[in-house]
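Hi everyone, thanks for making time.

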Amino acid sequence: MPHPPLTETQGPGPAGTMPPAGGAVVSLRDVTKRYPNGTLAVEGLDLDIAAGSFVSLLGPSGCGKSTVLRMMAGLAPLTAGHIAWPQAAPRLGFVFQEPTLMPWQTALDNVALPLKLSGMARAGRHRRAREMLALVGLAEAAGRYPRELSGGMKMRVSIARALATEPDLLLLDEPFAALDEITRFRLNNDLLRLWEAHRFSAVFVTHSVFESVYLSQRVVVMAAGPGRLFADLPIEAPAARDEAFRTSPHYAALCRTVSEALAGGMAA
Amino acid sequence: MSKRPIRILGLAPEAWPRLLMPLMMGMLLLGAWEFAVRHFGVPPYVLPGPLSIGDALVTNWPSLAAALMVTLRITVLALLVAVTAGVVLAVLFSQSKWVEMTFLPYAVILQVTPIVAIAPLIIIWVDNVQAALLICAWIVAFFPIVSNTTIGLNSTDRNLVDLFRLYGATRWQTLVHLRLPAAMPFFLAGLRISGGLALIGAIVAEFVAGAGGASSGLAYRILEAGYQLQIPRMFAALALISLAGVVIFLALSLLSHLILRRWHESALSPDR
């Protein structure tokens with residue numbers, strides 16, 4: 001299966017600014033999830049993810065945001081509602097909270113895993129995996145095993161693996177929650193750079209207001225008990241998001257807006 | 001990882017005491033033993049000294065070495081069959097809860113029934129003595145491999161299983177690329193236990209069979225020496241059995257280390 005390089009424009013819709021209606025990479029309609037024990041995790045959720053956009057799902061723990069992500073990934077069945085993919089057989093990438101690497105494989109083989117499972121030949125998938133490792137700044141670590149890598153490096157490998165299939169939608173489930181703050185900032189910047197360069201569609205689950213504002217074009221705030229959509233906030237920010245943006249009054253104002261929405265959701 | 005550590009004869013300097021201390025202790029004990037036997041004039045048919053045991057080992061080497069080879073052959077064959085059958089059964093268990101529910105109790109019954117109690121039956125039922133010995137050794141060696149490998153196959157990282165599902169992996173791909181490698185440390189731990197058990201099983205079965213002749217193993221040499229009150233020869237055979245057990249354990253430990261050294265915590269050297 002040929003995999004074009006990531007530098008080409010991708011996704012079904014035009015990349016960049018607000019895509020037209022119908023430019024959604026995935027649409028959730030009235031999605032409801034009830035666990036076997038009776039708990040209503042998510043109720044009546046409607047959500048469209050525009051192609052090429054970076055959307056954060058923000059909410060307190062227990063609001064069902066990870067469940068939404070797992071349902072989108074097809075890893076958890078829906079109780080009611082449906083999830084529509086305009087594109088036939090969409091490719092997905094998933095980044096878990098833990099790096100979730102196979103300890104018996106090198107970084108290179110871990111990144112190449114999705115390609116191997118899809119039947120790509122060894123030489124091709126290794127070439128592609130090397131490109132992906134270079135993209136996350138780990139070209140030197142290709143031959144190393146996970147236990148020889150730091151927490152931040154492992155997470156980079158995990159991101160490289162998720163991007164290796166050139167996914168139509170990248171799903172990230174609190175990927176940086178277990179990392180220290182310095183590593184977390186670095187990886188936030190790296191993820192932003194990757195997104196700015198390649199404009200993949202992404203849904204980023206987090207419970208950090210600052211992270212969601214820094215990374216996304218749109219923050220979807222969820223409320224708990226049962227999990228539902230509470231607020232949908234566009235993040236209008238300069239194209240270049242960097243340390244200057246992180247320390248700007250504009251950023252602080254955006255964070256306050258999102259924080260208030262989150263507080264509102266928790267009070268509701 | 002940049003600087004090459006200092007090594008003496010292939011071992012780190014800190015590793016030598018681990019080797020030398022037990023060796024010195026052994027020498028000391030053997031010396032005390034020899035001294036006590038001589039000093040108190042203990043007759044060799046009650047307790048021979050280490051020197052006379054060594055003498056018996058050298059004198060009887062042709063027959064003892066042949067017996068050792070017979071016992072080792074049974075042990076290794078039994079271990080190989082146990083590994084094959086154990087892994088196949090564990091894979092079946094991991095693929096189907098129904099198979100596991102149906103067969104696991106029988107594997108447990110086989111395990112908890114003392115081999116000494118069933119060995120006579122097996123020897124009556126199976127005409128070929130070698131085959132009977134093999135079956136006995138296999139029964140003992142089989143269980144740790146099945147049970148450990150099953151645990152390993154079932155304790156695969158849930159997120160990795162999800163990841164394989166997400167990428168549309170087939171059942172076979174998940175087994176070969178995920179479950180089997182993840183079960184490897186568990187399997188190897190079971191293998192180390194089974195190696196020793198296979199030897200014990202072979203020896204016990206030989207005792208029960210009591211088969212003499214050219215193809216008799218070390219256990220029969222012990223029985224024979226006992227009947228003839230040649231106690232030093234008995235001790236020599238016993239020493240060979242212990243030695244064989246230690247060698248099997250070391251060989252399997254080495255195998256385990258070589259397979260796991262790059263990735264598993266259990267194979268980490270303590271200085272890292």
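I'll start with the sheets in chain A and then move over to chain B.

One thing before we go in: this is a predicted model.

Okay, chain A. Look for the open sheet of six strands, which runs in the order 5-6-7-3-8-9 with mixed pairing. At the edges you'll find strand 5, residues 92-95, and strand 9, residues 228-234; each has a single partner strand, so one side of each has no neighbour in the sheet. On average, and ignoring direction, neighbouring strands here are turned by 20 degrees against each other.

Strand 5 of chain A pairs with strand 6 of chain A in the parallel sense, over four bridges.

Now, strand 7 of chain A deserves a bit of time. Which strands does strand 7 pair with in the parallel sense over five bridges? On one side there's strand 6, residues 169-173, parallel to strand 7 and joined over five bridges. Then there's strand 3, residues 54-58, which also runs parallel to strand 7, again with five bridges. For landmarks, Leu172(A) stands opposite Phe204(A) in strand 7, and Val55(A) has Val203(A) as its bridge partner there.

So is strand 7 of chain A buried or exposed? Mostly covered: strand 7 spans residues 201-206, and six of its six residues are buried. Remember that in a regular strand the side chains alternate between the two faces of the sheet. Here both faces are covered. Ser201(A), Val203(A) and Val205(A) are buried on one side, and Ala202(A), Phe204(A) and Thr206(A) are buried on the other.

How does the chain get from strand 6 to strand 7? Through helix 5 of chain A, residues 181-198, and the three elements make a right-handed β-α-β unit.

Chain A has another open sheet, this one of three strands in the order 2-1-4, with antiparallel pairing. Strand 2, residues 40-50, and strand 4, residues 80-84, are the edge strands, each pairing on one side only. The twist here averages 10 degrees from one strand to the next. Strand 1, residues 24-34, is joined to strand 2 by seven bridges, and Ser27(A) stands opposite Asp48(A) in strand 2.

Over to chain B. Here we have 10 helices and zero strands. The C-alpha atoms fill a box of roughly 75 × 60 × 25 Å along the principal axes, and buried residues make up 33% of the 272 residues. Among contacts between residues at least 6 apart in sequence, 75% join residues at least 24 apart.

Let me show you one helix pair in chain B. The axes of helix 4, residues 97-112, and helix 6, residues 129-154, come within 9 Å and cross at roughly 135 degrees. These two helices of chain B are therefore oblique to each other, and the crossing is left-handed. Where they meet, helix 4 brings Ala107(B), Leu110(B) and Gln111(B), while helix 6 brings Ile139(B), Phe143(B) and Val146(B).

That's the tour, so over to you.

Notes. Residues are numbered from 1 along each chain as its sequence is written. Chains are lettered from A and ligands numbered from 1 in the order in which they are written. This is a predicted model: local features need pLDDT of at least 70, side-chain atom pairs count only at pLDDT 80 or more; totals for chains, interfaces and linings use all residues. A residue is buried if 20 or more other C-beta atoms lie within 10 Å of its own, exposed if 12 or fewer, and partly exposed in between; C-beta atoms are placed from the backbone. Two strands pair if DSSP finds at least two bridges between them. A crossover is right-handed if, with the strands pointing away from the viewer, the path from the first strand over the helix to the second runs clockwise. Axes are lines fitted to C-alpha atoms, for helices over the stretch in contact, and angles run from 0 to 180 degrees between N-to-C directions. Angles under 35 degrees count as roughly parallel, over 145 as roughly antiparallel, 65 to 115 as roughly perpendicular and the rest as oblique. A crossing is left-handed if the near helix is turned anticlockwise from the far one by less than a right angle, and right-handed if clockwise. Two residues are in contact if their C-beta atoms, placed from the backbone, lie within 7 Å.
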